[in-house]
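Please examine the sequence and the model shown below. The discussion that follows asks on what grounds particular labels are assigned.

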Amino acid sequence: MTETHLGAKAAPVRFEGVSKVFGKDVVAVDNIDLYVEAGRLVTLLGPSGCGKTTTLRMIAGLEMASSGRILIGDQDVTKLPATDRDVSMVFQSYALFPHMSVLENVMYGLTFSGYAKGEARTRALEGLDLVGLTGFDSRLPSELSGGQQQRVAVARALVLEPQVLLFDEPLSNLDAKLRRQVREDIRAIQQDLGLTVVYVTHDQEEALAVSDEIVVMRNAAIAQIGNPRELYDAPNDRFVADFIGEANLLACQITAVEGNTATIEIEGYTHSLPARGLQPGAATLAVRPSRLLIGADEGIPATVAKATYVGVRMEYTLTGGFGQVFAVHDDVDTPLDPGAEIRMAFAERGPVLLPD
Ligand SMILES: Nc1ncnc2c1ncn2[C@@H]1O[C@H](COP(=O)(O)OP(=O)(O)OP(=O)(O)O)[C@@H](O)[C@H]1O
Ligand SMILES: [Mg+2]
C-alpha cells in the first residue's frame, strides 16, 4: 500500500433529537440521539422500513431533518444542502458510469470538486491501490466482477476524503463468499485510514463482523446501542435478542436476588446470573443456541426432536416442558439421535434475563 493521507479529515457525527416525517404522517425516524466517534465504524441495523436509509440520507443531506440537530465535526449541518457537506456515500447498486473506465469513474468526483487532472489521476490511482485494483484502471465496469465493481465504488467515495463515509447495504448484490471478503476489505481500509463510517445493513452477521458499535433500530427509533459483544451477550429485550443472532426465549422463575445476582429456576434446575434490575417472580430468559449444554448430567429434561449435521457442527431441536429450543454442538462425531432423552443445562455465561 502506498503512503496515503486519505482519512485525515475523519470527523464525528452527532444527532440530537432528530426526526424525519414524510408527508403528513409517515414518521421514518423518530427523535433519535446518536453519536458516532471520529474514526469508528458504526452500523445501523434493523428490519426493512425501520428508518436506516433515511437516517443515512440525513447525514448526507439527501433528506432534510424535520426536527432536531445534526452535527458533523463542530459544524451544525442540519440545514446544509448535500453539496455543501463533506460526506460521500456508497450505494447498494454501485452506480458506476458504464461508459467510463474504472479510472475515469474514480476521477470523476475529484475533477468535479476542482482537482487538476494530474492530481485527480494520482489520487484515483492511489484509491484503486487501496481497494486492491491496481492495474484495472482502463477496464470498463462491465469487464469487472460484482465484487470488483463494488470496490471501484468504494475507491470513488474514498478518494474524496470525506469527513464521513456512508455505506447503504453495500454488499447486498454480492454472493455470500464475496460478501465476506469485501466486508473484510472495507473494515481493513476503515481501520487503516481511521475513517468515520456509518454503515447500513439488515444482516446481523455482517453487523457483528464489521462494527465498532451497532445501533439496532426498530420502528423509526433506536432499540439498543452497543458493541457487538454487548448486544450479543446482553440484549435489552426480546426484539434485540432475536434480531442479533438466534436466541431461545424461555420462561423462568427468579427465586432469589442478592445484590446484582439472581437465581433462576426452570423445572428444578437452578442457575445464577446477573439480575439486570429484576426482582423475584416470573421472567424471560434468552439463551444462545451455542450456550446450551446438552447431554449434561444434571439439568432440564429434554427430548431430541431433530438432529441435523451441517458439517462444522450439529444442530438440534430439543423439546420439553419448557417448549422448544434450538441448540448447536461442536461434537459432530458422536451425535445424539432423534428421540434421545437428555438433560440440558446452561453454560456459565450462557443465558441472560431480559429486563422487558
Ligand atoms: N421519500 C419517502 N416518502 C415517503 N415515505 C418514505 C420515503 N422514504 C422512506 N419512506 C418511509 O420511511 C420508512 C423508513 O424507510 P427507510 O428507507 O429509511 O427504511 P430502511 O430501514 O432503510 O428499510 P430497508 O431495509 O427496506 O432499506 C418506511 O416506512 C418508508 O416507507
Ligand atoms: Mg434502506
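This is a predicted model: local features need pLDDT of at least 70, side-chain atom pairs count only at pLDDT 80 or more; totals for chains, interfaces and linings use all residues.

Q: What makes up the protein in terms of helices and strands, and what does its C-alpha trace span?
A: The protein contains 8 helices and 20 strands. Along the principal axes, its C-alpha trace spans about 75 × 50 × 40 Å. Of the contacts with a separation of 6 or more, 66% are made by residues 24 or more positions apart.

Q: How much of the protein is buried, and what is its accessible surface?
A: Of the 356 residues, 48% are buried. The accessible surface comes to about 16,600 Å², with 48% of it belonging to carbon and sulfur atoms.

Q: Why is D337 called exposed?
A: The label exposed requires a relative accessible area over 50%. D337 has 54% relative accessibility, and therefore counts as exposed. D337 is located in the loop between β18 (323-329) and β19 (341-346). Its C-alpha atom is separated by 26 Å from that of A251, which is 86 residues away along the chain.

Q: Why is the contact of E16 with R69 called a salt bridge?
A: The criterion is a side-chain nitrogen of Lys or Arg within 4 Å of a carboxyl oxygen of Asp or Glu. For E16 and R69 the closest N and O atoms are 3.0 Å apart, and the pair forms a salt bridge. E16 belongs to strand β1 (residues 13-22) and R69 to strand β4 (residues 67-72), so the pair ties together parts that are 53 residues apart in sequence. E16, R69 and D76 are linked in a network of salt bridges. The structure holds 15 salt bridges.

Q: What makes R180 and E205 a salt bridge, and which elements does the pair link?
A: The N to O distance is 3.8 Å, and the two side chains meet in a salt bridge. The pair links distant parts of the chain, with R180 in helix α5 (residues 176-193) and E205 in helix α6 (residues 204-210), 25 residues apart. R180 has a relative accessible area of 45% and is therefore partly exposed. E205 counts as partly exposed at 39%.

Q: Why are R187 and D212 called buried?
A: The label buried requires a relative accessible area under 20%. R187 has 13% and is therefore buried. D212 has 18% and is therefore buried. R187 forms a salt bridge with D212, the closest N and O atoms being 3.0 Å apart. R187 lies in helix α5 and D212 in the loop between α6 and β9 (213-218), 25 residues apart.

Q: Which residues of helix α2 are buried, and against what do they pack?
A: In α2 (residues 102-112), the buried residues are V102, L103, N105, V106, M107, G109 and L110. They pack against α3 (117-130) and α4 (146-158). Just after α2, G114 takes a positive phi of about 100°.

Q: Why are β13 and β20 said to stand at the edges of their sheet?
A: The open sheet has 5 strands in the order β13-β12-β11-β14-β20, with antiparallel pairing. β13 (269-274) and β20 (352-353) each have a single partner strand, so one side of each is left without a neighbour in the sheet.

Q: How do you know that β14 and β20 pair?
A: Pairing requires at least two bridges. Strand β14 (residues 281-287) and β20 have 2 bridges in the antiparallel sense. A286 has V352 in β20 as its bridge partner.

Q: What makes β16 a partner of both β17 and β19?
A: Strand β16 (residues 300-309) is joined to β19 by 4 bridges, and the two run antiparallel. β16 and strand β17 (residues 314-320) are joined by 6 bridges and also run antiparallel. P301 has R343 in β19 as its bridge partner, while T308 stands opposite E315 in β17. The hairpin of β16 and β17 has 4 residues between the strands, and G311 takes a positive phi near 90° there.

Note on methods
Residues are numbered from 1 along each chain as its sequence is written. Chains are lettered from A and ligands numbered from 1 in the order in which they are written. Side-chain values use heavy atoms; hydrogens and water are left out. Buried means under 20% relative accessible area, exposed over 50%, partly exposed in between (1.4 Å probe, protein chains only). Contact means heavy atoms within 4.5 Å. Accessible areas come from the Shrake-Rupley method with a 1.4 Å probe; for residues, only the protein chains shown count as cover.
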